[in-house]
Amino acid sequence: MADPIVTKLIVNGEPHEVTTDPDRSLLEVLREDLRMTGTKYGCGEGACGACAVLVDGKRTFSCSTIVREAAGRQIRTIEGLATGDALHPVQQAFLEEQSFQCGYCTAGMIMGAVALLERNKQPGEEQIRDWMNPHICRCCTYPMIAAAVKRAAEIGGAKA
Amino acid sequence: MSTINTNCRRIDCPEDPDQIIEIVGHDFGLSRRTFVTALGAGILIAVVAKTALGQEQDQPVQGEQRRRVPGGGRRQSPPVPVEARVHLGKDGSITVLAGKVEGGQGARAQLSQAAAEELRVPIERVAMVLADTELAPDDGITAGSRTTPSTVPAVRAACMMARNMLAQHAAAQWKIDAAAVDVRDGAALEKSGDRKLSYADFASSDPQSLKQVAPNDLAVTGVEQWQVLGQSAARPNGRDIVTGKHTYPSDLIRPGMLYGKILRPPSFGAKLSAIDLAPARAIDGVVAVHDGNFVGVAAPSTFLAKGAIKAITESAKWEPTAGHPPSDKLFAHLRENARGGVPRNPRAEHANSAAKTLKATYNVPYVQHAPMEPRAAVAEWQDGKLTVWTATQNPFGVRRELAGAFRIQESNVRVIVPDFGGGFGGKHTGECAVEAARLARAAQKPVALRWTRAEEFTWAYFRPAAVMDVEATLSADGALTSWHFVNINAGRPGIQTPYKVPEPSTPAVDSAPPLRHGSYRALAATANNFARESFMDELAAAAGKDPLDFRLAHLENDRLRAALEAAANAFGWADRKPKQDRANVGFGLACAVEKGSYVAAVAEVEVDRAKNAFHVRRLTQAFECGKITTPRNCRSQVLGSILQALGPTLREQTTFERGRVTNASFYQYEVPRLADVPRIDIHLLDRPDLPPAGAGETPLICIAPAIANAIFDACGQRLRDLPLKLGPLDSAAQSDT
């Protein structure tokens, strides 16, 4: 264990200073220090996607990212997606398509889908499948998840 | 029953005897040491704990009612006073309580619908409190597809009584006949007048009538009058799911809370002989506990807790236990250890006179539930009273488990189950809650314990492995004349054959399972139906019959016939391409009845000879569960079941050797992903004339046999072990058939 140092994290546009061991996972610091528990632990080794956040716009598995690497970069989490009462199109689509049963994987799924749609506004079925494949849903609502990503593209397209 | 080398014991599940619940035999009672001295160590501890619990049960805690079904049998939700189910607030709030949990199966929406239907209020008016042992009635374990047939009627009955009482109260106030009062949109209305009295007005009159007990067999609103039930309702807290606001058990934070970590033995059953906790205690803020075989720490962060465990790991001296069979010897081990031997076929003499005799053995390995949210609990002690927030399907059972482990009264334990991240039959027990509570007692602070994925893959219980021997005879005209089906280790669910055959023999025997096992969605019905429906295909082939015709010729149950025919028709079974026109493509079907619902599946598989692999191209499933109460969720459950069942059919299996799991990771234990999804067609058969049955389990059980049968059709290989692995194929485009 290294000595705790002060690290600056920018989460959903807000700067935070955390005094912590720089080798701790971003996931743990988000959840335990910043108390933002919307991002979930699923496997701790980047195999399931439950912990996905965006770092400088890129889908990042926060369980396998240490805070040192995330310092000073733009971190986006599920808590930062909605604008007031207005859901982000991807959140709206997941709600409309009822793309979850237990919902534990949903935050990671949504962040993954946001990352996809920000680089490709109209992904095809195959692109959705390949991009979302790193995310596990044990309730296996996969067809509704794929449908939600498609729907989000439509909603987003309509808004743009 | 109990496992080799592990400190577990099976406990009864009074509300559903088919459920397999093995709890970890922790004994953290403060007075334990005297008991151990008096009775000796080891296994007796468990016996003592059981006796202690039993005694406590004989002396009901004041104000608590023991509700048990004498002699077993599936229990209904208990009749309780209306006010135990329905709280009417003077402010107009309506709170409905149930002891069931929400783990993604849809109970929250369904029970809210049931309440709204009978109370005659919009569903948004109902606040549903689930699974808080201090507040909600004991509706038993959430398992066995019992919410729909058992708790939905109980909630409906209580809500209907509350509605009637509102009408009667209004009638008395207005001095008119109750029949002249209607209840609509949350208020009693005078049919020929404009007087109105709301639930809030009723609540303000401090009604005593709500103390009446609501029997479960009341004539509730008929299907033809349903306004809310029978419609699709979104999950009431769905918005909190997509915004990340919902607090799962692993998200809960209490004031001053510490984070726990357990030192796990290096192998199953290893006994701790020595450990030095000093290096852990030297870390600022760390509390370390050593109690028997239990070693754990609590620290201000998970990172520090991990560090503390690391600091003491090397000092731990473990005595491993020997004789643990490896997974590649599993099936031989289960057979050799079958209790009382493998039952013989009582009608073996039939083979002499039969036209044909077939015998085969099918094997199903251990698999894990692997819910996305691993076990998690927050425990907090205050004045000798324990509160635990945890993910379990069995809140009242976990309360008993905690009371037993700490030797305290159940009335001093409160278990609260926030909506959690998946169970699938895998969260019937409370080991994580017990561990968290042990740490919290030492720390004198709330402690959160969240298992890692590797812990979940290793220390959670497994679906029982199964060895199944099947033997049957056919007459010259292709009729089944005898049936002998043995399940070793996995149990009875789904073992009875729905097919017409004289005196079928279907024994199930226990074995000496090397891993801790327990319930899994659909229980042993998945294994038993895989074997039976595969074997029916073998028999059809031996009789020279079409697999569909052969089944229908032996099926008398109209509902099962209807499901099978619906699936076959939707797939286009009768018009399927003749074999010579579809090289390497095969079709297979299967059907089953389980837990009051009926299912049939048809699979299309393509074999790739160059890669020596197969690919599932299409699955068609028909499902009937009586009247459908929640159409969209029913479809979602059927779809999720089909895809979840693909996992153990194609890839999933726990491997182990020398008492260690060797694939405790999502990288090595490969569950279904989006890329695995084939074309799926689901046909829900609604039967408004029949009572609703659950829909979260039965849709799993035909997937494996339908696919195995399609593989046989595609390439002639009969695969009898799950997961299905092709043997070497002739790489020619098409071979013998």
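In this predicted model, helix α18 of chain B passes helix α19 of chain B in a right-handed crossing. Two packed helices are described by the angle between their axes and the distance between the axes. For this pair, α18 covers residues 631–650 of chain B and α19 covers residues 703–715 of chain B, and their axes come within 9 Å and cross at roughly 60°. An angle counts as roughly parallel under 35 degrees and as roughly perpendicular from 65 to 115, and α18(B) and α19(B) are therefore oblique to each other.

The residues that bring the two helices together can be named on both sides. From α18(B) come B:I642, B:A645, B:L646 and B:T649, and these meet B:I703, B:A704 and B:I707 in α19(B). Sorted by class, the residues of this contact comprise 6 nonpolar and 1 polar, with no charged residue among them.

Along the principal axes, the C-alpha atoms of chain B fill a box of roughly 80 × 80 × 50 Å.

Chain A can be described in the same terms. Chain A has 6 helices and 5 strands, which follow one another from the N terminus in the order β-β-α-β-β-α-β-α-α-α-α. The radius of gyration of chain A is 16 Å, which agrees with the value near 15 Å that a compact globule of 160 residues would have. The box filled by the C-alpha atoms of chain A, taken along the principal axes, is roughly 45 × 30 × 25 Å. In chain A, 56% of the 160 residues count as buried, and residues 24 or more positions apart account for 60% of the contacts with a separation of 6 or more.

What remains is the place where the two chains touch. The contact takes 44 residues from chain A and 47 residues from chain B. On the side of chain A, the elements that give two or more residues are α1 (26–33), α3 (89–96), α4 (106–119), α5 (125–132) and α6 (142–159). By class, this side of chain A that touches chain B has 24 nonpolar, 11 polar and 9 charged residues.

Notes. Residues are numbered from 1 along each chain as its sequence is written. Chains are lettered from A and ligands numbered from 1 in the order in which they are written. This is a predicted model: local features need pLDDT of at least 70, side-chain atom pairs count only at pLDDT 80 or more; totals for chains, interfaces and linings use all residues. Two residues are in contact if their C-beta atoms, placed from the backbone, lie within 7 Å. Helices (H or I, at least four residues) and strands (E, at least two) are DSSP runs, numbered from the N terminus. Ala, Val, Leu, Ile, Met, Phe, Trp, Tyr, Cys and Pro count as nonpolar, Asp, Glu, Lys and Arg as charged, and the others, Gly among them, as polar. Axes are lines fitted to C-alpha atoms, for helices over the stretch in contact, and angles run from 0 to 180 degrees between N-to-C directions. Angles under 35 degrees count as roughly parallel, over 145 as roughly antiparallel, 65 to 115 as roughly perpendicular and the rest as oblique. A crossing is left-handed if the near helix is turned anticlockwise from the far one by less than a right angle, and right-handed if clockwise. The radius of gyration is taken over C-alpha atoms; the globule rule is 2.2 Å times the number of residues to the power 0.38. A residue is buried if 20 or more other C-beta atoms lie within 10 Å of its own, exposed if 12 or fewer, and partly exposed in between; C-beta atoms are placed from the backbone.
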